[in-house]
Amino acid sequence: MKILAIETSCDETAVALLEISGPAEKPDIRVLGNTLLSQAALHEKYGGVYPTLAKREHEKNLPILLEQTLKQANVDTECLQVDFIAVTAGPGLEPALWTGITFAEELGRRWRKPVVPVNHMEGHIYSVLYKTGSISKFEIRNSNLLTMPALALLVSGGHTELVLMREFGHYEIIGQTRDDAVGEAFDKVGRLLGLPYPGGPKISALAADSRFRIKDLGFKFPRPMLNSGNLDFSFSGLKTAVLYKIRRDNREDIEYKQDIARAFEDAAVEVLIEKTRTALENLGNEARTLIVAGGVAANTHLIHELNNLIRDFPGLALRLPEKLLATDNAVMIGIAAYENVSKRPELIEENGNIRARGNLTYL
Ligand code: KG4
Ligand code: ZN
């Protein structure tokens, strides 16, 4: 099945052309073309994503990326042979989502192809199906096997959720953030430290420098809701604790920034790990797969701690996305569309009227 996939939910414009076949739990995924333009540098001065600017950039970038993707795949732009077009319908920034939907529907009309809406978070979940390897080589890859029941920890700039999948396509949100998403907390702390947006990768690099330089920090930030007795998260208090410490100490040297980044990362990661551990224990050790996806799944310290965590759960496989597929991209949108269409082929027939839904939970 050939799928053209489009992603514009936030500040990344992305287009991919995929060929996928095989069973939903372990499809063969071939990336024929894959392009992406990040607007992060443009949004930097706003300290976050500015919706009208994102919309304008998506509108400008989509035709360019489509052309590049088709060129990579060596296919004819006049009569594109795809089974359908997949587009992110939510959750995300509505003006940004609408740009992708409108573009996909125009292409659908021009090429007489159906357009299938995709849930961005499902995209993150299924991003882990693509097996480690260089995606620039565009080879066919046997994908990772996802055995159910699976627990997914979704950690991005907009979401922090624990999702239970007892079977393919059935989702139960068993824990979520009550305020900021963990990626958002990384970005806000990044801002407090004077780092450019997005702060996540830079905080991670600074924290690693601190761990390399000294063994013990001598101070700690609070672990919000660690002992709350449920699976919910909260990160805004942690950010405030960082703010107060920075104000109190009034230091700007690089070593200080490294130590703050590390103390914050330690606190955020410990909460993610311990809530995931509780969720796995609550499932009576029945979960077979632990999926960790979303931009923060690229965090080295989190990955390290996840590898320690799964040692306590024999029979549990950890599935992480390739670094390139951790942050927003269109490959994952195409894979999620394939997963949905394999279960419900009638999705291809249900034409028209896709709506952007900023707060979409699960389709
Ligand atoms: O999934 P994503 O690309 O976009 C959303 O759907 O939100 O996630 C972006 C988020 C940002 O908050 C960014 O700071 C964070 O993921 N992020 C990281 C790392 N790489 C990206 N956070 C911590 N460590 C990283 N290495
Ligand atoms: Zn995302």
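Colleague: What coordinates the zinc ion (ligand 2)?
Modeller: His 120 (NE2), His 124 (NE2) and Asp 328 (OD) do, at 2.0 to 2.1 Å. Keep in mind that this is a predicted model.

Colleague: What spacing do the donors follow along the chain?
Modeller: The zinc donors follow H-x3-H-x203-D. His 120 and Asp 328 link distant parts of the chain, 208 residues apart. His 120 is in helix H4 (residues 120-127). Asp 328 is in the loop between helix H10 (323-326) and helix H11 (331-343).

Colleague: Are His 120 and Asp 328 buried or exposed?
Modeller: Both are buried.

Colleague: New topic. How many residues are in the largest nonpolar core?
Modeller: It has 49. Those with the most contacts inside it are Phe 221, Phe 264, Leu 290, Val 292 and Leu 302.

Colleague: Which elements give two or more residues to this core?
Modeller: Among them are strand S7 (150-155), strand S8 (160-165), helix H8 (254-282) and helix H9 (300-310). H8 gives the most, with 13 residues.

Colleague: And what does Leu 302 touch, leaving out residues up to four places away in sequence?
Modeller: Its partners include Val 155, Val 269, Leu 272 and Ile 273. Val 292, Val 296 and Ala 297 are also among them.

Colleague: What lies apart from that core?
Modeller: Another core, of 43 residues. Ala 24, Val 31, Phe 84 and Tyr 171 are among its members.

Colleague: Now the rings. How many aromatic pairs does the structure hold?
Modeller: Four. One of them is Phe 219 with Phe 221, an edge-to-face pair. Their centres are 5.7 Å apart, with 80 degrees between the planes. Another is Phe 233 with Phe 235, which is stacked, at 6.1 Å and 15 degrees.

Colleague: Why does Phe 221 count as buried?
Modeller: Because its relative accessibility is 5%, and the cut-off for buried is under 20%. Phe 219 is partly exposed, at 24%. Phe 233 and Phe 235 are both buried.

Colleague: Which charged residue lies over the face of Phe 219?
Modeller: Lys 245, at 4.4 Å from the ring centre. Elsewhere, Arg 110 lies over the face of Trp 111, at 5.7 Å from the ring centre.

Colleague: Last one. Where does Leu 360 lie?
Modeller: In the segment after H11. Leu 360 is buried, with a relative accessible area of 6%.

Colleague: What is Leu 360 in contact with, leaving aside neighbours within four places in sequence?
Modeller: Ala 89, Gly 90, Pro 91 and Asn 119. Leu 360 and Asn 119 are 241 residues apart in sequence, yet 7.4 Å apart in space, C-alpha to C-alpha.

Key. Residues numbered from 1 in each chain as written. Chains lettered and ligands numbered in written order. Predicted model: local features only at pLDDT ≥ 70, side-chain atom pairs only at ≥ 80, totals over all residues. Heavy atoms only, no water. Core = buried A, V, L, I, M, F, W, Y, C linked by side-chain atoms within 4.5 Å. Buried < 20%, exposed > 50% of the residue type's maximum accessible area, 1.4 Å probe, protein only. Helix = DSSP H or I, 4+ residues; strand = E, 2+ residues; numbered from the N terminus. Contact = heavy atoms within 4.5 Å. Donors = N, O, S within 2.8 Å, 3.2 Å for Na, K, Ca; no water. Phe/Tyr/Trp six-rings, centres within 6.5 Å; stacked < 30°, edge-to-face > 60°. Lys NZ or Arg CZ within 6 Å of the ring centre and 35° of its normal.
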